[in-house]
Amino acid sequence: MLIARLIADMDGVETRLDAALEACAAADMPVALAGMLDFCGDVLQLSLPHGDASRLTAILAEHFSSADLLVADHEIEVPRLFVSDMDSTMIGQECIDELADFAGLKDRVADITERAMRGELEFESALRERVALLEGLEERAIAQCLDERIQPVEGARTLVATLRSKGCRTVLVTGGFHHFADPVADRLGFERVVGNRLAVSGGRLTGELAGPVSDASTKLATLQEERDRLGEGTRVLATGDGANDIPMIAAADYGIAYRAKPKAREAANGRIEHGNLTNLLKLFGIPESDWIEAPPSRA
């Protein structure tokens, strides 16, 4: 079976839905039921007895181009584990790009970041190249950058707090740095943080990393470790936007591309393109009356 949920502009929705149903039938994926969810009135759900999830996602994206959506091969349920990227997913910025601005190198560093997130550069070498450019920058610039530049994306706090209220374990795993990720996790309510560490000596960045690199394989390993700890049958939600998020997005039951690069979007079975992160709560069928606004403290 396949279950698809989407939040779409209701203007002309019947015409677009009819076209999508015809496309599904032509692909030998007839839709058995289609209707709005009673408990989340702006969510349209389609139920199919069989079909290919990636093909269904493509059909829905074609006919509902402005929709936020989720496709699953089972009845959709609230996840027990949420693993998320940080930069450009839980926060609206790329921390290393903003920090580089304090060294007068933002354009140069941002270009490397963009190419790495599109999957055009190998992640570790691109990371080390950017970190090396920050050599000599005062460590206190990080706190200033956090205060002045780094902001959660809309809906991030509510998403994390509400999922935790439903018994979901929350983990922030990033190719960025603990200097940023730890305070961000505290603000948003994540219970665990995995990331890279900037080496510091004499109050200045050395241009190197301290310890092992947190990359795509780390994100996947963290998801697998946490899922194994929670036990068989654990439904997992993963969100990200770049190429180094693809392995964990592909491994999750609900892999969500948040305003993502094309390669990450192609690997996902869900996407948030236009709404904020609370649309994920709607897609999981959590009514607004159950949403929690204030993030809990970290465990």
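## Buried cysteines

Cys168 is buried, its relative accessible area being 3%, where buried stands for under 20% relative accessible area, exposed for over 50% and partly exposed for what lies in between (1.4 Å probe, protein chains only). Cys145, at 0% relative accessibility, also counts as buried. This is a predicted model, in which local features need pLDDT of at least 70 and side-chain atom pairs count only at pLDDT 80 or more, while totals for chains, interfaces and linings use all residues. Residues are numbered from 1 along each chain as its sequence is written, and side-chain values use heavy atoms, with hydrogens and water left out.

A search of the whole structure finds zero disulfides, a disulfide being a pair of cysteine sulfur atoms within 2.5 Å. Cys145 is in no disulfide, and the nearest cysteine sulfur, which belongs to Cys95, is 6.4 Å away.

## Nonpolar cores

In soluble globular proteins, nonpolar side chains tend to be buried together. The largest nonpolar core here has 63 residues, and those with the most contacts inside it are Phe82, Met90, Leu99, Phe180 and Leu280; such a core is a set of buried Ala, Val, Leu, Ile, Met, Phe, Trp, Tyr and Cys residues joined through side-chain atoms within 4.5 Å. Apart from this core lies another, of 20 residues, among them Ala23, Leu48, Leu69 and Val71.

When its neighbours within four places in sequence are left aside, Leu99 is in contact (heavy atoms within 4.5 Å) with residues including Leu134, Cys145, Phe180 and Leu205.

## The lining of the largest pocket

The lining of the largest pocket is made up of 14 residues, and Ser54, Glu266, Ala267, Ala268 and Asn269 lie nearest the centre of the pocket. On a 1 Å grid over the protein atoms alone, a pocket is an open set of points where a 1.4 Å probe fits, with protein on both sides within 12 Å along at least five of seven lines, and lining residues have an atom within 4 Å of a point.

Helix H2 (53-63), helix H10 (246-251) and helix H11 (262-267) each supply at least two residues of this lining, and the largest share, four residues, comes from H2. Helices (H or I, at least four residues) and strands (E, at least two) are DSSP runs, numbered from the N terminus.

## Two residues with positive phi

Ser88, in the loop between strand E5 (81-84) and helix H3 (95-101), has a phi near 65 degrees, a positive value in a residue other than glycine. Ser88 counts as partly exposed, at 22% relative accessibility.

Arg259 lies in the loop between strand E11 (254-258) and H11, and the phi of Arg259, near 40 degrees, is likewise a positive value in a residue other than glycine. At 42% relative accessibility, Arg259 counts as partly exposed.
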